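Subject: Structure handover

Hello,

Please find the structure below. My notes on its salt bridges follow.

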Amino acid sequence: MIRVLLVHDACLLRLALAERLAREPDLEVFHAPWSQAHGRQRTVRPDLCVVDLDDESTYALTPLTELTGPSAHGRGCRVLVLATANRPGQLRRAAEADALGYVNKASQPERLITGIRQVAAGQRFVDDSLGFGFLKAAQMPLTQRELSVLSLAARGASVAEIAHSLHLSNGTVRNYMAAITRKTGARNRIDAIRISQGEGWV
């Protein structure tokens, strides 16, 4: 039996997807929003986590690395990411956090089920349709930390709010924003956000 933890902030979609996965005789499915993901992982001890990185309201507080990294009870959880090719920033963050599987959210449920079984067996699984997204991710000039800062800035967070969310000083956040502006060739913070959103980085 494969124990699956589904992490998604949209309750209705999470329940519907969990119900569909639970129909498979070899899958035992649990689910949680991002705010409860790490705690749920500790109690459930799943074989893998299926996560949707579009649910970023709590992403800064519950980074993907908390699921993939080593924990008190041993190895981290294998992770399969629900993704789209037009959001290369998410693919880059997931790859840097050592996610093992990537399924296009436009795929049929059977594709996700195949990916779950493959990742649970320790094998990499990548939808062919995400190839262009990975190519764009490789060309992206921003680091994972810069992406986290920019993602919060794009949602309207102030320097102080970004600093609090990422446990940084205000000065460090300003330094990151200066680096982001330089690397994107932007005129200012707003222009950097516009450029990055146009490229699908945030």
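Asp52 is buried, its relative accessible area being 4% (buried is under 20% relative accessible area, exposed over 50%, partly exposed in between, with a 1.4 Å probe and protein chains only). This is a predicted model, in which local features need pLDDT of at least 70 and side-chain atom pairs count only at pLDDT 80 or more, while totals for chains, interfaces and linings use all residues. Residues are numbered from 1 along each chain as its sequence is written, and side-chain values use heavy atoms, with hydrogens and water left out.

The partner of Asp52 in a salt bridge is Lys105, with 3.2 Å between the closest N and O atoms (a salt bridge is a side-chain nitrogen of Lys or Arg within 4 Å of a carboxyl oxygen of Asp or Glu). Asp52 belongs to strand β3 (residues 48–52) and Lys105 to the loop between β5 (101–104) and α5, so the pair ties together parts 53 residues apart in sequence. Helices (H or I, at least four residues) and strands (E, at least two) are DSSP runs, numbered from the N terminus. Lys105 is partly exposed, at 33% relative accessibility.

The structure holds 11 salt bridges. Shared partners join Arg20, Glu24, Asp26, Glu110 and Arg117 into one network of salt bridges. Within it, Arg20 pairs with Glu24 at 3.0 Å between the closest N and O atoms, and both residues are buried. Arg20 also forms a salt bridge with Glu110, at 3.4 Å. Arg20 is in helix α1 (residues 11–22) and Glu110 in helix α5 (residues 109–120), so this pair ties together parts 90 residues apart in sequence.

Regards
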